[in-house]
Protein chains: 4
Amino acid sequence: MIYHEEKVRVRYSETDKMGYVYYGNYASYLEVARVELIRSLGLSYKKMEDEGVMLPIAEYKNKYLRPAYYDDLLTIKTWIREKPGMKLRFDYEIENQEGMLLTVAETTLVFVSMETFKPMQPPQNFIEATQKYFEPARRERKN
Amino acid sequence: MIYHEEKVRVRYSETDKMGYVYYGNYASYLEVARVELIRSLGLSYKKMEDEGVMLPIAEYKNKYLRPAYYDDLLTIKTWIREKPGMKLRFDYEIENQEGMLLTVAETTLVFVSMETFKPMQPPQNFIEATQKYFEPARRERKN
Amino acid sequence: MIYHEEKVRVRYSETDKMGYVYYGNYASYLEVARVELIRSLGLSYKKMEDEGVMLPIAEYKNKYLRPAYYDDLLTIKTWIREKPGMKLRFDYEIENQEGMLLTVAETTLVFVSMETFKPMQPPQNFIEATQKYFEPARRERKN
Amino acid sequence: MIYHEEKVRVRYSETDKMGYVYYGNYASYLEVARVELIRSLGLSYKKMEDEGVMLPIAEYKNKYLRPAYYDDLLTIKTWIREKPGMKLRFDYEIENQEGMLLTVAETTLVFVSMETFKPMQPPQNFIEATQKYFEPARRERKN
């Protein structure tokens, strides 16, 4: 399992006339969380694209439990729970500054070659940076 | 069942560096489709809010099958398949100008009083404008 | 002079907690107006990019006189008043459905080769499609 | 004079198919810079709105000298050079992580009462928090 926490401050541009964060704008918060999780592994999503691999979204689900408001300082908790293959799934929980759970979301991304536009296995450096979080060997180490 | 079709042209602002429509921007296409479905019933979502009832999103799911590109003329097919109660569910399919299915989505909204901020039954004019789409089918089932 | 009118309906996603259209979102309305003006000339901005020429923005000014609100049906009046060279300037006025002037804006774009990333003269088909609007011969027609 | 520097990381959602930050998205970067400048004075724009005063934009200008790219870490330098009255002007320069100047912008905002929707002088706590940045210079000028 890989876990990362990221803080995002709600911008005025992200609110709507209801006074809430517009439901479509959570997508970019989750993007920030994903990208910073990847950076925390010593990798760079930008570099991955520069090297010919992109990660488009295949599926996105979001349950909006409570609204986020302007200027809220959100904490986005992000998990990769399954070993990355051609598909890479992220689970998220977003909390506000009072620790209230606002949304529960998940996204499934696919590693795609920018040459062939076909799904592919994760690039070698991604496999190397993430495998220790999923290897059975990790459990053994505890013994 | 209520069905509506709406066309939306992809704006440059909605694309990302992948050259695709950013996955978060489909939310506003679906909003346009919902709002125009409601208008096609002789109602107005704006007026509903002016009269103290809003429809925040409780849940959103989207499967991205194929990308939409800049300047694509999308057709958003929208269905309300279940009789509206406190919850109002919309199902969507988005096709491009070649008739290719790009995304399949659903949103669940909740009627909320802007006075009490609590869920409520649909306003009277909404019930009246929509009941004919659901009642005949119900009667037939009883035969 | 080239003139074009375009209608745009304000989306919920484009409003902010003030209940107004967020000031940054006018940029995409102006983009729609520009692109449709170009389409009205029998050209396509998308095709222009496919053929290796892009039109990034060099300068943008906007005076916000009155707010636009959710669901407003805006009319964007767009002018090209000067013969296009390497620079292409658009002037805009946005009115709401009551004919009230909301904003006055201008953008200056630059024809840029996607190969060299350097400014260039307009592509041949752009020159041909626009020159009649600026030719002195036009004045003669009035005689 | 009041000066503040703020860092903003370019999100994928903010890029367009040109690979640049979409010209409309700078508006929200400038908003972040303004709001954090205000916070650095010990004030809160959110609180100001809660207390009945808002700051809509009256005018916005932006010169785009060089593009910002995905994942760039931008520095937004913000100045209030004139003592705030009913109008409040901010000047901005945005640089990328290599110190290259990307855009030069300015916005003029107006203090507006949320009760009367009319322009007003800045609220008392805003005057108090900002006057020291402008008064010394004024006194010197008088000598």
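Colleague: Which residue stands opposite Tyr60(D) in β6(D)?

Modeller: This is a predicted model, in which local features need pLDDT of at least 70, side-chain atom pairs count only at pLDDT 80 or more, and totals for chains, interfaces and linings use all residues. Residues are numbered from 1 along each chain as its sequence is written, while chains are lettered from A, and ligands numbered from 1, in the order in which they are written. Strand β3 (residues 57–64) and strand β6 (residues 101–110) of chain D run antiparallel and are joined by seven bridges; strands (E, at least two residues) and helices (H or I, at least four residues) are DSSP runs numbered from the N terminus, and two strands pair if DSSP finds at least two bridges between them. In β6(D), the residue that stands opposite Tyr60(D) is Thr107(D).

Colleague: In the hairpin of β5(D) and β6(D), which residue takes a positive phi?

Modeller: Strand β5 (residues 87–95) of chain D pairs with β6(D) in the antiparallel sense over nine bridges, and Leu88(D) has Leu109(D) as its bridge partner in β6(D). Five residues lie between the strands of this hairpin, and the one with a positive phi, near 80°, is Gly99(D).

Colleague: Which strands stand at the edges of the open sheet, each with a single partner strand?

Modeller: The open sheet has 10 strands with antiparallel pairing, in the order β1(C)-β4(C)-β5(C)-β6(C)-β3(C)-β3(D)-β6(D)-β5(D)-β4(D)-β1(D). One side of each edge strand is left without a neighbour in the sheet, because each has a single partner strand, and these edge strands are β1 (2–9) of chain C and β1 (2–9) of chain D.

Colleague: At about what angle to β1(C) does helix α1 of chain C run?

Modeller: Axes here are lines fitted to C-alpha atoms, for helices over the stretch in contact, and angles run from 0 to 180 degrees between N-to-C directions. In chain D, α1(D) lies across β1, β3, β4 (73–80), β5 and β6, running at about 130° to β1(D). Helix α1 (residues 26–40) of chain C lies across β1, β3 (57–64), β4 (73–80), β5 and β6 of chain C, and its angle to β1(C) is about 130°.

Colleague: Is Met114(C) buried, exposed or partly exposed?

Modeller: Met114(C) lies in the loop between β7 (112–113) and α3 (124–130) of chain C, and, leaving aside its neighbours within four places in sequence, it is in contact (C-beta atoms, placed from the backbone, within 7 Å) with Gly52(C), Val53(C) and Met54(C). Met114(C) and Met54(C) are 60 residues apart in sequence, yet 6.5 Å apart in space, C-alpha to C-alpha. A residue is buried if 20 or more other C-beta atoms, placed from the backbone, lie within 10 Å of its own, exposed if 12 or fewer, and partly exposed in between. With 14 C-beta neighbours inside 10 Å, Met114(C) therefore counts as partly exposed.

Colleague: Which element gives the most to the side of chain A that touches chain B?

Modeller: In this contact, 17 residues of chain A meet 18 residues of chain B, and α1 (26–40) and β3 (57–64) of chain A each supply at least two residues of the side of chain A. That side divides into 10 nonpolar, four polar and three charged residues, where Ala, Val, Leu, Ile, Met, Phe, Trp, Tyr, Cys and Pro count as nonpolar, Asp, Glu, Lys and Arg as charged, and the others, Gly among them, as polar. With eight residues, the element that gives the most is β3(A).

Colleague: Which residue of β3(B) stands opposite Tyr60(A)?

Modeller: β3(A) and strand β3 (residues 57–64) of chain B pair in the antiparallel sense over five bridges. In β3(B), the residue opposite Tyr60(A) is Asn62(B).

Key. Two residues are in contact if their C-beta atoms, placed from the backbone, lie within 7 Å.
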